[in-house]
Amino acid sequence: MQRPRGYDPQPFDLPPIFQSPPKPVAMLRWIVTEFMWPQSLLWIGLAAATYHLVTPGLDRFASLGVDDIAILWARNVGLMLLLIGGQHWWLHMRKAQGTQFKYEGRWLAKGRKSFTFDDQTRDNMFWTLVSGGLVAAFYEAIMFRLYAGGALPQLDALWAIGAMTFAVFWIEGVHFYLNHRLLHLDPLYGWFHALHHRNVNTGPWSGISMHPGEHLLYFSLPFVFLLLPGSPFIITFCCVYLMISPSPSHSGFDRFVVSEGTNVHGGDYFHNLHHRYFEVNYGMLLVPLDKWFGTLHDGSLEAHERMKDRRRASVHAADSAMPDTNDRTTP
Ligand SMILES: [Zn+2]
Ligand SMILES: [Zn+2]
């Protein structure tokens, strides 16, 4: 099936520290002006508001009950309806910027049997709110229980909490690559990850539209703090970041139009290429494991040819079930 052409951004570069020769000053500039601002700082601010305004105090978790998990789940559902639903409404219902900066020319699928309820948006909302919101709440509650009972030491200096919060972005870069790479192996792919890959043309609700088996792996990031020093806030940050940040990255739009002639960074072209081509870009640009393991696709023709060579070299890869809507011969 011919895929309607959408918006193709320019091929991207690796972060400066990972270029050769490494450029530390340029890397610092990249972190501040491209990585942190605006999205990453937004996730930290959102987590701080969530933790201080709508999360019960730690005392409550000294004895963990079903109601404690239910409260965190309700909080997660509220956050996601507001923030992911808001993006869906603005971009895909109101169509506020039409198809400007949209990776695919077509809109989200309706009446397609491959989706739960035969509808991509309902399918994505169901798996996100029911499974994703619940698994995140469950893991957050377990970690709160351990902190409340004194089983884990807590960082208390603000600078230390800030530094570790910042480190979470890199830790997640490795954690996500490892669990995602695992999920692309048989039979885990068929059992769990195929559900996320129903979405070739993605929307905000596609971000964590995953099988519960994938959610159990994906949301396991807070358990890193069984080994590393952390704090209850950092646990909430992990959960909020994992729940909300995939919504702009899967929004389907490379940039969000703010006003006439002004637009800001929106989607994640790196991960969009994973949804298109399936066996590239398993990780995140921040920690370029894909570069080191030879699966990087930077959107260039050269990277596309390298990917096709790899496929030709591997009968297994050539037999992999590439969705027909994914058929695209030039990047
Ligand atoms: Zn995948
Ligand atoms: Zn995805």
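Of the contacts in the protein with a separation of 6 or more, 69% join residues 24 or more positions apart; two residues count as in contact if their C-beta atoms, placed from the backbone, lie within 7 Å. The structure is a predicted model, in which local features need pLDDT of at least 70 and side-chain atom pairs count only at pLDDT 80 or more, while totals for chains, interfaces and linings use all residues. Residues are numbered from 1 along each chain as its sequence is written, and chains are lettered from A and ligands numbered from 1 in the order in which they are written.

The overall picture comes next. The secondary structure comes to 12 helices and 2 strands, where helices (H or I, at least four residues) and strands (E, at least two) are DSSP runs numbered from the N terminus. Along the sequence they follow the pattern α-α-α-α-α-α-α-α-β-β-α-α-α-α. The C-alpha trace spans about 55 × 50 × 50 Å along its principal axes. Of the 331 residues, 38% count as buried, that is, 20 or more other C-beta atoms lie within 10 Å of their own, with C-beta atoms placed from the backbone.

Helix 7 reaches 18 Å from its first C-alpha to its last, close to the 18 Å expected at 1.5 Å a residue, the expected span being 1.5 Å times one less than the number of residues. Methionine 243 touches Asn76, Leu79, Met80, Gly132, Ala136 and Ile208, not counting residues up to four places away in sequence.

Helix 2 has a kink of about 30° centred on glycine 85, the bend at a residue being the angle between axes fitted to the seven residues ending there and the seven starting there. Among the buried residues of helix 2 are Trp73, Asn76, Leu79 and Met80. The buried residues of helix 2 pack against helix 1, helix 3, helix 7 and helix 8 (246-249). Helix 2 is followed by lysine 95, whose phi is positive, near 50°.

Technical notes
Buried ≥ 20, exposed ≤ 12 C-beta atoms within 10 Å, placed from the backbone.
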